[in-house]
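Hi everyone, thanks for coming. Please take a moment to look at the sequence and the model on the screen, and then we'll walk through them together.

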Amino acid sequence: MKKLIYICTMLLVMASCSSQKKMVSLDRETNETTLKVGQECEIQFRTNASTGYWWQLTNEKEISIVTPIDRRYESNAPQGMVGASSELFWKFQAKEKGTDTLKFVYARDDWSKAIKTREVIITVK
């Protein structure tokens, strides 16, 4: 019985620890979210690498409240299919309290000729 209580207690502790690192969603209408220090959020972009355009974070050196920790692509297109869109996911982790505005552009190498822009506001409390 003591062993069962110990195991249940450990599972509860582990569950509460993992909830602190829980991924937080971005409000798609406002492009804003609020995190706690240590939490992560993922920002999703539709992209098509075969066009030569991709989403770029243009102000990475200016942000200090969050830090980019991962970037990955996902595609449901058949292997080798050219011209199919894919999803790009940028993951950020909250480092300290405050607010950062992340600025993204959908462009080739020259950011001044962006065909789309997106700003995301992340507040850390």
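**The overall layout**

Reading along the sequence, the protein chain follows the pattern α-β-β-β-β-β-β-β-β. That comes to one helix and eight strands, where helices (H or I, at least four residues) and strands (E, at least two) are DSSP runs, numbered from the N terminus. Before we go on, please keep in mind that this is a predicted model, in which local features need pLDDT of at least 70 and side-chain atom pairs count only at pLDDT 80 or more, while totals for chains, interfaces and linings use all residues. Residues are numbered from 1 along each chain as its sequence is written, and side-chain values use heavy atoms, with hydrogens and water left out.

How much of the protein chain counts as buried? Of its 125 residues, 32% do; buried means under 20% relative accessible area, exposed over 50%, and partly exposed in between, with a 1.4 Å probe and protein chains only. As for contacts, meaning heavy atoms within 4.5 Å, take those between residues at least 6 apart in sequence: 65% of them join residues at least 24 apart.

Now to the sheet. Strands of a sheet pair through backbone hydrogen bonds, either parallel or antiparallel. Here, two strands count as paired if DSSP finds at least two bridges between them. Four strands make an open sheet in the order β1-β3-β6-β5, with mixed pairing. Its edge strands are β1 (23–24) and β5 (66–74), each pairing on one side only.

Let's follow β3, residues 40–47. Two bridges join β3 to β1, and these strands run parallel; Met 23 stands opposite Glu 40 in β3. With β6, residues 86–94, β3 pairs in the antiparallel sense over eight bridges. Which residue in β6 is the bridge partner of Thr 47? That is Ser 86.

Next, the rings. The structure holds seven aromatic pairs. Rings of Phe, Tyr and Trp (its six-membered ring) pair if their centres lie within 6.5 Å; planes under 30 degrees apart count as stacked, over 60 as edge-to-face and the rest as tilted. Why is the pair of Phe 45 and Phe 104 called tilted? Their ring centres are 4.7 Å apart and their planes are at 55 degrees, so the pair falls into the tilted class. This pair links distant parts of the chain, with Phe 45 in strand β3 and Phe 104 in strand β7, 59 residues apart. Both Phe 45 and Phe 104 are buried. They also belong to one aromatic cluster, together with Tyr 53, Trp 55, Trp 90, Phe 92 and Tyr 106.

Two last residues. Gln 56 lies in strand β4, residues 54–57. Is Gln 56 buried or exposed? Its relative accessibility is 9%, so Gln 56 counts as buried. The side chain of Gln 56 reaches the backbone oxygen of Arg 108 at 2.9 Å.

Finally, Ile 115 is found in the loop between β7 (98–107) and β8 (116–124).

Note on methods:
Polar contact = N/O pair within 3.5 Å; in protein donor to acceptor, adjacent residues only side chain to side chain.
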